[in-house]
Every structure is written in structure tokens, then in C-alpha cells.
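This report covers pockets and salt bridges in one structure.

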Amino acid sequence: MTLQEINFDGIVGPSHNYAGLSLGNLAATKNAGETSYPREAALQGIAKMKANMAMGLAQGFLLPLPRPDTEWLKALAADENTDPALVAGAWSASSMWTANAATVSPAPDTGDGKCHLTVANLVTMPHRSHEWEDTLAQLQLAFGDSDHFTVHGPVPPCFGDEGAANHMRFADSHGQSGLEVFVYGRTGGRFPARQHEQASRIVARQHGLDPDRVLFVEQAGAAIEAGAFHNDVVAVANESALFTHQQALADPQGTYDALRARLPGVQIVEVPADRVSLEDAVTSYLFNAQLITPPSGEMTLVVPEECRDNPRVWSWLTEMLAGNGPIRHVNVVDVRQSMANGGGPACLRLRVVADPATVDQRFMLDAAKAEKLESVVAEYWPQSIDPSQVGSEALAQQVRIARGKLLEMLGITELA
Ligand code: SUG
């Protein structure tokens with residue numbers, strides 16, 4: 001059995017739109033009311049997956065959820081006087097950001113030697129709070145092999161849980177036993193703290209993690225205030241490397257010391273605030289990068305185009321590459337449609353360390369399937385959505401047909 005990291009990207013759903021639903025997510029609120037381009041958005045996501053596969057990485061995907069969510073509208077007793085933001089919440093394609101689908105603890109870290117996944121309850125934002133049931137059904141299918149996986153329901157809704165976006169795993173290599181770091185926020189600022197400490201602690205306990213191989217650390221309040229609504233907007237880890245903004249954590253030095261004590265080989269790349277401000281980090285999404293180890297062994301940072309657009313970020317990256325650090329390459333990808341809603345390359349993927357052979361193969365990607373995905377998207381995804389169309393029966397019909405065609409092509413009829 002060969003354990004490797006598999007990235008499960010969310011396919012951008014046909015209802016992708018800019019409703020400005022996430023307070024504290026500055027890109028999303030800034031672009032509220034803009035026209036979105038779902039077809040282009042989904043094709044950008046597929047192109048990113050193809051580029052990662054071309055580096056020799058294992059790639060999977062998760063599907064858009066059924067939208068509009070009629071059960072959610074029913075639960076809201078929605079009528080013609082209902083707040084448009086709630087109606088938009090039933091249409092949101094936000095499940096595309098699969099870093100918020102679940103928290104994953106690979107088999108080498110857990111008490112029973114299986115890979116554990118806990119679906120995120122996402123209770124802080126109304127439009128995301130109704131994702132978990134359909135996401136859970138999908139995870140139970142994709143990771144249904146109970147010899148290798150245990151999929152848990154959400155933690156109690158009194159504790160907000162946003163999944164892997166607030167979780168970093170360190171290990172000398174993916175298949176070895178790791179150190180799991182959970183990052184939580186404290187409420188009280190102008191923006192909500194979306195990850196509750198107790199949610200993280202519950203996840204760690206139910207995954208059977210060794211308490212000596214877990215850290216719970218607080219996110220800096222200043223980072224949340226600056227628009228880092230998840231830790232993965234200001235930090236990312238891969239194997240023994242941490243790539244972080246200087247102001248990401250409430251106690252950076254204490255955290256680095258604790259990491260070094262548990263994983264002596266850890267390499268910390270801290271970007272100083274006087275080179276890249278928190279504001280630059282949030283607008284460029286420098287840290288919402290995929291930090292990956294392709295088979296060549298040369299650690300690669302997959303950043304969004306917005307990093308190249310920012311001279312301070314780009315010059316820092318250029319200098320970093322010229323130095324002798326653990327990150328050897330930078331790849332640039334265009335995910336602008338997702339970025340406009342505050343979702344970068346790292347938001348779009350859920351990392352699962354597992355043997356790809358143990359995953360339901362219908363959720364694994366190869367070149368031929370990527371081509372089929374592209375043709376379904378090109379034929380059925382709406383070309384554009386103006387916010388005034390959200391709620392219309394004509395668009396609802398088009399969105400349902402598009403998802404149905406995708407499920408049919410993939411043979412995943414259980415989720416229809
Ligand atoms: O939850 N945006 C998402 C972006 C999630 C990014 N994920 C990670 N950082 N891992 C969110 O804020 C915007 C939807 C709208 O406004 O229409 C939205 O939900």
C-alpha cells in the first residue's frame with residue numbers, strides 16, 4: 001500500500017455567482033453584485049488540476065452540490081419577501097472550496113490506522129451552513145472503503161468548524177506519522193472567527209490523534225481583521241515546511257518553538273511584514289498557495305496570477321527562489337473567477353493522504369476524464385450569471401441540468 005497525497009479539487013458549480021455573502025472575506029464582499037462566469041470558472045479549475053497532474057501528482061475531485069438547495073429554502077419558509085441574501089445562500093456554489101469540506105487525518109496519525117475525515121459544519125456563514133449534509137454523502141461515497149477510511153459527521157453546531165483550511169499537517173514525508181496543527185480564532189473583532197477551538201479539539205479526539213503529536217494554536221486577531229477569514233489565507237504547510245506570514249499566528253515564536261521541539265527537521269519560511277504586508281498577503285493570496293512535492297522531490301508553490309500582479313509579492317518570491325530554502329519552484333495559475341469570491345488555489349482542494357487505489361475511482365482524475373469534464377462544462381455550464389438571475393426558475397433549470405449531465409458522464413448516479 002503506497003500512501004501519497006491526493007488533492008481533491010472542487011469542480012466549480014454551474015451556479016457560481018458573486019452575492020457577497022461572507023463578511024470578513026474582503027474579495028467576496030468587494031465583488032458583490034458583479035457578473036460571474038461559471039463556465040470559465042470551472043474551466044480554470046480543471047486547468048489547474050491538469051497542471052498539477054502534469055507534475056506527476058495524484059488528482060481527485062469532488063462534485064458541485066445540488067443547487068438551488070430547495071430543502072434549505074423550505075427550512076427558511078422562504079417566500080417573495082425573504083431577504084435576497086438568504087435566497088442567494090440556497091444558490092451558492094461555495095462547496096467548490098473543498099479545503100472547507102472536511103478535516104483529514106491520514107492513517108499514520110490515527111489511533112486505529114485508518115484515514116479519518118470529519119465533515120465541516122460551516123455554521124458561521126448561513127450560505128455554507130447547509131453544505132455539510134450533501135458533502136457528507138459525497139465523502140461517504142468517495143471514501144466508502146471502511147477498511148481504510150472512517151468518515152465522521154459534523155461536530156456540534158455550537159462550535160464552528162471550517163475544516164482543513166484551519167489545519168496543517170507536518171511529516172518528514174506524507175506517508176509517515178505526522179504532527180497535526182489546528183488553528184482557531186477568537187471572537188470579538190469586527191469580523192467573525194470561523195474556527196472554534198473546541199471544534200478543533202473534538203476533531204482531534206475523534207480522529208484518535210496522539211495528544212503529543214497535536215498542537216492547537218491561535219490565529220492572530222490582526223490577521224482576521226485584515227481579511228484572513230481562514231488560516232490558509234496566511235499560512236500553508238507541506239511535509240516538513242511551513243510557509244507563513246509573520247503576523248499569521250497570535251504567538252508565532254511559541255508556535256515555531258513547539259514545532260521544532262516535535263519535528264526537529266521542520267523548515268520555517270516566514271515572510272516579514274515589512275516586505276509583504278498582511279494587506280498584500282490577503283489581496284494576492286500568496287499563502288493560499290498549494291505547496292506540493294512532485295515526484296521530482298522539488299517542493300513547488302502553486303500561486304494565483306494575483307501574486308505576479310503585486311510587485312512586492314513577486315519580488316519576494318523571486319528572491320526566495322534565488323536563495324537556498326525548501327521551496328524550489330513557483331507555478332502560477334489563473335483561478336481569477338474563484339479568487340473574486342476569496343477562494344485561491346489552496347481553497348479549491350482537499351488534501352487526502354491515502355493509497356489512490358482505495359478511493360472510489362469515479363472521483364479520481366486522469367487526462368481522458370479531464371477532457372470529458374471540459375466538454376460537459378463547455379456545453380452545459382452557464383456562460384455568465386448576473387445577480388438578478390439568481391432565484392429565477394429558468395436559471396435553476398439550467399443549473400440542475402448541468403449538474404445532472406456531469407453526474408451522468410461520471411456514472412455517479414447515487415448523488416443525483
Ligand atoms: O467561505 N467564499 C468562501 C471562500 C472560501 C475560501 N476557502 C478557504 N480559504 N479555504 C467563504 O468565504 C463567497 C460567496 C459569495 O459571496 O457569493 C464565499 O462563500
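A pocket is an open set of grid points with protein on both sides within 12 Å along at least five of seven lines, and its volume is the space filled by probe spheres set on the points. In this predicted model, the second largest pocket holds about 300 Å³ of space. Its lining has 17 residues, with Leu-26, Ala-27, Lys-30, Val-282 and Thr-283 nearest the centre. Helices H1 (26-30), H9 (278-284) and H12 (336-339) each give two or more residues to this lining, which divides into 8 nonpolar, 5 polar and 4 charged residues.

The largest pocket holds about 370 Å³. Of its 19 lining residues, Pro-66, Arg-67, Asp-69, Thr-70 and Asp-134 lie nearest the centre. Helix H14 gives the most to the lining, with 5 residues. By class, the lining has 8 nonpolar, 4 polar and 7 charged residues.

The structure holds 19 salt bridges, including the following.

| Salt bridge | Closest N to O distance |
|---|---|
| Lys-50 and Glu-374 | 2.9 Å |
| Arg-312 and Asp-280 | 2.6 Å |

Lys-50 in helix H2 and Glu-374 in helix H13 are 324 residues apart. Lys-50 is partly exposed at 37% relative accessibility, as is Glu-374 at 21%.

Arg-312 lies in helix H11 and Asp-280 in helix H9, so this pair ties together parts 32 residues apart in sequence. Arg-312 is partly exposed at 43%, whereas Asp-280 is buried at 9%.

Arg-308 and Glu-305 are separated by about one helical turn because they stand 3 residues apart in helix H10. Arg-308 is partly exposed at 41%; Glu-305, at 18%, is buried.

Conventions
Residues numbered from 1 in each chain as written. Predicted model: local features only at pLDDT ≥ 70, side-chain atom pairs only at ≥ 80, totals over all residues. Heavy atoms only, no water. 1 Å grid on protein atoms, 1.4 Å probe; cavity = no way out; pocket = protein on both sides within 12 Å on 5 of 7 lines; lining within 4 Å. Helix = DSSP H or I, 4+ residues; strand = E, 2+ residues; numbered from the N terminus. Nonpolar A, V, L, I, M, F, W, Y, C, P; charged D, E, K, R; others polar. Salt bridge = Lys/Arg side-chain N within 4 Å of Asp/Glu carboxyl O. Buried < 20%, exposed > 50% of the residue type's maximum accessible area, 1.4 Å probe, protein only.
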